[in-house]
Amino acid sequence: PVIGGLDEPGATNEEESLVELNQMTTLQAIPGSAAFGTLVHSLLEHLDFTSSSVEDDLSELCYEYMQYQPIDCDPGVLAQGLSAMLKAPLGGPLGDVNLASISRNNRLDELDFLLPLSGSSAEAVAGVVASRLPADDPFWPWFQQVAGGGVTVPITGMLTGSIDLVARVNGSYFIADYKTNRIGNDARFTRDEMTNEMNHHGYPLQALLYLVAFRRFLRRRHPALNPDDVLHGAAYLFVRGMVPSQPLDDIRGVMWWQPTADVLDAVDELFGQGKS
């Protein structure tokens, strides 16, 4: 099944008209579409974030890829915007660390996984999560709603997924998902706006399943390691809102979620502990 809705839903003309051009970052000025999201994922997957010529590298990749996937934007402008995004602080548990500091040997791109769901329903999964999350968790209301049948999320059988980025920083790990969504009409990408966007598209369930899958991956690769000692959680990177030189107490464009080990253990057990 597909979990988490559309990754890069395109903005309507009405939505785009609400955004003032002088409020936009370079990436926000580029029209939204699923094709644009696919292009950004491909560029970031094949880019060396730490290259000393990263903007030139991006320009070359943009010109190459856009021959086969035309997007209504200038390749040089896209390269400039993505180069700036790489320098944006990730905030949360990583503080001022940015993607530009993460080398090839400290990252895995598009990590594929298979996760048996053991016939579990979204309502059952959400009920387990909602009963364990603190009430001040940003996604607790969404899981409560799903648990009560207020949101329908079909899941069954075997989930096949791919985690955009797994990265290691100072011996600890985090998973990340790139999003090129446009959100809100003031182009600020605040925590509240990102929370609403994630709820609207079902991304909290996607993040939950990714974290369960990656913990299993860590246990198999490093049996002596307790994943919860080294896992920072999931970061949703809304690339249009990520800009350099942000204050660490007001990071825009990056939404972190780190459910407790108790939550992840309960969901893992629901799916069948130890299954591949």
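Modeller: A charge sits over a ring if NZ of Lys or CZ of Arg is within 6 Å of the ring centre and within 35 degrees of the ring normal. This is a predicted model.

Colleague: The charged end of which residue sits over the ring of Phe 49?

Modeller: The limit for such a pair is 6 Å from the ring centre. Here the charged end lies 3.7 Å from the centre of the Phe 49 ring. The residue is Arg 107.

Colleague: Which ring has Lys 179 over its face?

Modeller: Lys 179 lies 3.9 Å from the centre of that ring.

Colleague: What is the secondary structure of the chain?

Modeller: The chain has 276 residues, and 52% of them count as buried. Its secondary structure comes to 10 helices and five strands.

Colleague: How many residues does the largest nonpolar core have?

Modeller: Phe 143, Leu 208, Phe 214 and Tyr 236 have the most contacts inside this core. Helix 8, residues 203-221, gives the most to it, with 11 residues. The core has 47 residues.

Colleague: How many residues are in the second, separate core?

Modeller: Its members include Leu 39, Val 40, Phe 49 and Ile 251. Leu 39 and Val 40 are among the buried residues of helix 2. This second core has 41 residues.

Colleague: How far apart are the end C-alpha atoms of helix 2?

Modeller: Helix 2 covers residues 34-45, which is 12 residues. At 1.5 Å a residue, the helix should span 16 Å. The distance in the model agrees with that, at 17 Å.

Colleague: Which helices do the buried residues of helix 3 pack against?

Modeller: Helix 3 runs over residues 54-65. Its buried residues are Val 54, Leu 58, Ser 59, Leu 61, Cys 62 and Tyr 65. An α-helix has 3.6 residues a turn, so residues three or four places apart point the same way. The buried residues of helix 3 pack against helix 2 and helix 4.

Colleague: Phe 143 and Trp 257 form an aromatic pair; is it stacked or edge-to-face?

Modeller: The count comes to nine aromatic pairs. In this one, the rings are 5.8 Å apart, centre to centre, with 20 degrees between the planes. Planes under 30 degrees apart count as stacked, so the Phe 143 and Trp 257 pair is stacked.

Colleague: How many residues apart are Phe 143 and Trp 257?

Modeller: Phe 143 is in helix 6, and Trp 257 is in strand 5. Both Phe 143 and Trp 257 are buried. Ring pairs also link them with Phe 139 and Trp 142 into a cluster. The pair links distant parts of the chain, 114 residues apart.

Colleague: Phi of Phe 189 has a positive value; is Phe 189 buried or exposed?

Modeller: Phi of Phe 189 is near 55 degrees, in a residue other than glycine. Phe 189 is found in the loop between strand 3 and helix 7. Its relative accessibility is 1%. The cut-off is under 20%, so Phe 189 counts as buried.

Colleague: What does Glu 110 count as, at 23% relative accessibility?

Modeller: Glu 110 lies in strand 1, residues 107-116. Its phi is near 50 degrees, also a positive value. Buried means under 20% and exposed means over 50%. At 23%, Glu 110 falls in between, so it counts as partly exposed.

Key
Residues are numbered from 1 along each chain as its sequence is written. This is a predicted model: local features need pLDDT of at least 70, side-chain atom pairs count only at pLDDT 80 or more; totals for chains, interfaces and linings use all residues. Side-chain values use heavy atoms; hydrogens and water are left out. Helices (H or I, at least four residues) and strands (E, at least two) are DSSP runs, numbered from the N terminus. The expected span of a helix is 1.5 Å times one less than its number of residues. Buried means under 20% relative accessible area, exposed over 50%, partly exposed in between (1.4 Å probe, protein chains only). A nonpolar core is a set of buried Ala, Val, Leu, Ile, Met, Phe, Trp, Tyr and Cys residues joined through side-chain atoms within 4.5 Å. Contact means heavy atoms within 4.5 Å. Rings of Phe, Tyr and Trp (its six-membered ring) pair if their centres lie within 6.5 Å; planes under 30 degrees apart count as stacked, over 60 as edge-to-face and the rest as tilted.
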